[in-house]
Amino acid sequence: MKTKLIRNAVIMTMNDNNEVLEGDVAIAGNVIMAIGSELEFEADEIIDAGGKVLLPGFVQTHIHLCQTLFRGRADDLALIDWLRQKIWPLEAAHNEDSVYYSALLGIGELIRSGTTTILDMETVHHTDAAFRAIEESGLRALSGKVMMDYGTEVPLALQEVTETSLRQSVDLLERWHGAANGRIQYAFCPRFVVSCTEELLVGVRDLSEQYNVKVHTHASENKDEIALVEAERGMRNVVYLDHIGLARPNLILAHSIWLDDEEKRIIRERGVKVTHCPGSNMKLASGIAQVPELMREGIPVGIGADGAPCNNNLDMFQEMRLTAFIQKIQHGPTVMDARTVLRMATMGGAEVLGMEEEIGSIEVGKLADLQILDLEDFHAYPSYDADWFSRVVYAATRGDVDTVMIDGEIVMRGKIVKTIDRKRVLK
Ligand code: GUN
Ligand code: FE
């Protein structure tokens, strides 16, 4: 078993006490074995992190890797028009190679900006190719094919027969769930109520319980989407999901901006999880999510960049700042402080994925999913009073990420992502 010792770092543990320590982290295989100052540990490899910041890898709880290649082609429209005019035709035009390279390009950008775990949603076809890219890259990911068997506006090429959608999902699950030393998990991805029959959603409910996996969907992102659901199902979005029996602890809702009190109560009482996507919500003019209210009610909220057409570089540093700024402008400067936001980007994401025992913080026994930030420029000012939370959330950028480790393996060092050759991706 390979051992590593990271020395002399400023360790932002993101543990329950938000401890920031100066010292070393010892790793055996994929597990953090010890944390302390001047650790005595025989290591195959020593990583000198003197003056650098060691953070848990970011956990992004809503991504569409299949949309990375659509960046810059989907601007200035609201959700439903954007899907109909841009995203669905582009997803329908995907082939196996384009899904693979879209995923690889997205993963490269995620790793470069310190993200080590994602919850992803692919398109209807070629999801196997996305899983191959994930497997090769070393990223930790939950992913699945998108499911859409309903909706007059959905292009024919993406319209599925209900049974086929469910069967193909189970085939992929059986091939990929638990693969790559457990780094890969399957998640059922019914796109949103607008594109799914009740029969499909009931099937997802039963299969996700049978296989004990997550369900990843969009809900209450946009007012027209909500009106469509109300017109066709006679209920508000989350009320309908609950009516079907899908509102359970394994359900993860992306966006969830326009929740009413009853929907918030259902989410809280049923243990449903939420993902905040601030960049996407602004770009598509979807609205402002009620993040402080949800968190005050004890609902786990993670952060996700959504697809590249919404956030360009899938950059968690940008999403963290937007998360803070949107709430500050409405509720004042302390409503979303740097600690809260950094916690959402790490432990909060882990909680949304039900992986709080495994990832999200730097603690003994947890998996070694880590990033090292080189904030050298700030150290040039020694009298600067070090508030590490402020520095990371408000001052650091993805260009400061120097080294990234997932499952104890170094996937980026000196800003070079190991398994992903950018030229090959862009060819
Ligand atoms: N709702 C249904 N599909 C999508 C999608 O691809 N992106 C976003 N942001 N919302 C959606
Ligand atoms: Fe999305």
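This is a short walk through one protein model, from the overall fold down to single residues. The model is predicted, so keep that in mind throughout.

Start with the whole chain. The protein has 16 helices and 19 strands. Its radius of gyration is 21 Å. The globule rule gives 22 Å for 427 residues, so the protein is as compact as a globular protein of that length. Along the principal axes, the C-alpha trace spans about 65 × 45 × 40 Å. Of the 427 residues, 55% count as buried. Now contacts with a separation of 6 or more. Of these, 73% are between residues 24 or more positions apart.

Next, the domains. How is the protein divided? Domain 1 takes 3–56 + 360–416, and domain 2 takes 58–352. Their C-alpha centres lie 29 Å apart. Across the boundary, 22 residues of domain 1 are in contact with 27 residues of domain 2. On the domain 1 side, α15, β17 (401–406) and β18 (409–413) each supply at least two residues. Which element gives the largest share of that side? Helix α15 does, with five residues. By type, that side of domain 1 divides into 12 nonpolar, six polar and four charged residues.

Stay with α15 for a moment. The helix runs over residues 388–395, and its buried residues are Trp388, Val392 and Val393. Where do they sit around the axis? They cover an arc of only 115°, which puts them on the same side of α15. And what covers them? The cover includes strands β1 (3–12), β2 (20–28), β5 (53–56) and β16 (370–373). It also includes helices α12 (316–331) and α13 (338–352).

On to the ligand. The residues around ligand 1 include His64, Leu79, Leu83 and Ile87. Arg191, Phe192, His218 and Glu221 are also in the shell. Two elements give two or more residues each: α1 (79–93) and β15 (306–307). The largest share, three residues, comes from α1. What is the make-up of the shell? Five residues are nonpolar, four polar and three charged.

Asp402 lies in strand β17, one of the elements on the side of domain 1 that touches domain 2. Asp402 and Ile372 are 30 residues apart along the chain, yet their C-alpha atoms are separated by 5.7 Å. Leaving aside neighbours within four places in sequence, Asp402 is in contact with Lys52, Ile372, Leu373, Asp374, Gly414 and Lys415.

Last, two backbone points to check on screen. Asn8 has phi near 60°, a positive value in a residue other than glycine. Asn8 is in strand β1, and β1 is among the elements that cover the buried residues of α15. With 17 other C-beta atoms within 10 Å, Asn8 is partly exposed.

Leu314 also has a positive phi, about 55°, although it is not a glycine. Leu314 is in the loop between α11 (308–311) and α12. Why does Leu314 count as buried? Because there are 33 C-beta neighbours inside 10 Å, and 20 or more is the cut-off.

Methods
Residues are numbered from 1 along each chain as its sequence is written. Chains are lettered from A and ligands numbered from 1 in the order in which they are written. This is a predicted model: local features need pLDDT of at least 70, side-chain atom pairs count only at pLDDT 80 or more; totals for chains, interfaces and linings use all residues. A residue is near a molecule or strand if its C-beta atom, placed from the backbone, lies within 6 Å of it. Helices (H or I, at least four residues) and strands (E, at least two) are DSSP runs, numbered from the N terminus. Ala, Val, Leu, Ile, Met, Phe, Trp, Tyr, Cys and Pro count as nonpolar, Asp, Glu, Lys and Arg as charged, and the others, Gly among them, as polar. A residue is buried if 20 or more other C-beta atoms lie within 10 Å of its own, exposed if 12 or fewer, and partly exposed in between; C-beta atoms are placed from the backbone. The arc is that of the directions from the helix axis to the C-beta atoms. Two residues are in contact if their C-beta atoms, placed from the backbone, lie within 7 Å. The radius of gyration is taken over C-alpha atoms; the globule rule is 2.2 Å times the number of residues to the power 0.38. Domain bounds come from an automatic or database domain assignment.
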